[in-house]
Amino acid sequence: RYLLWRELKVAIEKGEIDLLIHGGDQVYADPIWMNSDSSVNKSALSPSNSDDIESLAVRYRRWYVERAWTDIAVRQVLASVPNLMMWDDHDIFDGWGSNDSDTSPSSQVFFRAADAAFSDFQRAHGPAPLRGGSHLSAMTHGDTAILIPDLRSNRNWRKGVVVGERQLDAMDKWLREHVTDETRHLFVVLSIPLVHARVVGALRLLEIMPGTESIEDDLRDCWTSSRNRAECEAFCKRMFSVLRKYRH
């Protein structure tokens with residue numbers, strides 16, 4: 001399970017790695033949601049109750065300390081090289097933002113608890129998030145720029161939102177200010193790839209096939225899903241405009 005972490009540590013010791021970028025699902029905290037029915041009255045949870053959020057945040061923090069990052073290989077890597085981290089669904093729970101129930105009060109409490117733990121254990125490694133109601137992250141070093149959009153904080157399948165207008169605007173502002181004629185490399189890190197299999201037909205099949213709900217969120221997550229296509233186009237247009245402006 002930890003073989004690649006040990007190999008990473010060797011590469012770091014050889015001076016082959018200067019920066020480690022984590023693109024999401026650093027922890028698989030799904031059991032906090034899945035196994036909470038016996039210990040948490042979900043119907044009574046309220047996102048306006050700070051005690052509800054904090055009690056669950058404690059569980060998420062313990063997950064990092066007692067489960068996800070306990071192995072010595074993981075701890076050695078995290079302690080020996082700069083890390084930039086962005087979350088994805090499993091840092092919250094499976095399919096966050098692409099499930100029908102994610103706007104419910106109980107789901108929002110779990111989201112905010114996971115967000116608190118993520119900020120403590122992952123976001124704290126990198127630069128402060130840009131504005132945009134998300135963990136959108138970016139940095140420059142010499143002739144290299146790195147942009148890491150947050151594809152979870154604002155995701156809402158029903159509304160067709162993947163990143164959201166505020167985050168897109170914050171991206172535009174940062175690109176205008178920090179990507180210049182001197183920039184030779186722009187890395188854009190996405191937890192879900194833009195190029196993906198066509199999933200529209202598969203989603204339609206799910207509507208008539210019983211027992212397939214477990215993979216529906218994965219298909220909805222794709223940029224090529226029908227409701228996500230508008231934001232996919234908006235995101236791509238921004239990237240291509242940068243290419244056209246600074247093509248060397």
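This is a predicted model: local features need pLDDT of at least 70, side-chain atom pairs count only at pLDDT 80 or more; totals for chains, interfaces and linings use all residues.
**Ground rules.** Local features need pLDDT of at least 70 and side-chain atom pairs 80 or more, while totals for chains, interfaces and linings use all residues. Residues count from 1 along each chain as its sequence is written, and side-chain values use heavy atoms, with hydrogens and water left out.

**Cysteines.** I searched the whole structure for disulfides (two cysteine sulfur atoms within 2.5 Å) and got 0. For C232, the nearest cysteine sulfur belongs to C236, 4.3 Å away, and C232 is in no disulfide. C236 is in no disulfide either. I also checked accessibility, where buried is under 20% relative accessible area, exposed over 50% and partly exposed in between (1.4 Å probe, protein chains only). C232 comes out buried at 12%, C236 partly exposed at 23%.

**Rings.** Next I looked up aromatic pairs: Phe, Tyr and Trp rings (six-membered ring for Trp) with centres within 6.5 Å, called stacked under 30 degrees between planes, edge-to-face over 60 and tilted for the rest. There are 10. W33 and F93 are stacked, 4.4 Å centre to centre with 20 degrees between the planes. W33 is buried at 18% and F93 at 3%. W33 also pairs with F110, and that one is edge-to-face because the planes sit at 80 degrees, with centres 4.8 Å apart. F110 is buried as well. Ring pairs join W33, F93 and F110 with W87, W96, F111 and F118 in a cluster.

**Charge over a ring.** My cut-off was NZ of Lys or CZ of Arg within 6 Å of the ring centre and within 35 degrees of the ring normal. K42 lies over the face of W33, 3.5 Å from the ring centre.
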